[in-house]
Amino acid sequence: MVLVSVKLDDFIGSSNTFTWRHLLYPHQIYRKVPFKGITASIDSSVQQNLINLTVNILDPLQLHYPDQFGINSCFRSLEENVSAKGSKTSDHLIGAAVDLDFKTALQKGLPGSPKNKDIYFYVKNAFTFKQLIWETETSKGHGTFAENGEPWWVHVSYVDGNNKMQVLS
């Protein structure tokens, strides 16, 4: 394991939208906590996976759906993954998966806001990925199916050299 230091407010990829903070600490994005100059240490392979995920999934989605989706989860520590009831082999553990949600855009009342099923079908038809999952609360064992047949969130993973295009619903 080779640890590297990243500045949380530095951008990843080409869209100048996503920072290390978005992918390492997505739940703190909406807090008004200043991260300027703060660094985090991560494994270099996780760093590369997060860069690949941003360049191949998040940046293209941002171009198609500007500022209309939120990141629920991306990289997870082992403890965070257990708490989220994630798989022991989850790509979140290596920084190669992201859970996306359009509910934030809908709650802001953005006109013509897409729904979670829109991102699911767009990724399914236009992207290379390892795994795409139509996630429901019942699939994690705690809740009910989303209204109107919508997924609660969409899971997408991208692993350079291992993108088997697995679709689960």
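**View 1. His92 occupies the loop between α3 (78-83) and β4 (97-101).** Helices (H or I, at least four residues) and strands (E, at least two) are DSSP runs, numbered from the N terminus. The model is predicted: local features need pLDDT of at least 70, side-chain atom pairs count only at pLDDT 80 or more, and totals for chains, interfaces and linings use all residues. Residues are numbered from 1 along each chain as its sequence is written, and side-chain values use heavy atoms, with hydrogens and water left out. His92 has a relative accessible area of 2% and is therefore buried (under 20% relative accessible area; exposed is over 50%, partly exposed in between; 1.4 Å probe, protein chains only).

**View 2. The side chain of His92 takes part in a polar contact with that of Asp99.** The distance between these side chains is 3.3 Å. A polar contact is a pair of N or O atoms within 3.5 Å; within protein, one must be able to donate a hydrogen and the other to accept it, and residues adjacent in sequence count only if both atoms are side-chain atoms. The His92 side chain also reaches the backbone oxygen of Ala97, at 3.5 Å. Leaving aside residues up to four places away in sequence, His92 touches (heavy atoms within 4.5 Å) several residues, among them Ser73, Phe75, Val98 and His155.

**View 3. Strand β4 is mostly covered, with 5 of its 5 residues buried.** Ala97, Asp99 and Asp101 point one way from β4, whereas Val98 and Leu100 point the other way. Strand β3 (residues 70-73) runs antiparallel to β4 and is joined to β4 by 3 bridges, with Ile71 opposite Leu100. Strand β6 (residues 153-157) is likewise antiparallel to β4, through 4 bridges; here Ala97 stands opposite Ser157.

View 4. Two strands pair if DSSP finds at least two bridges between them.
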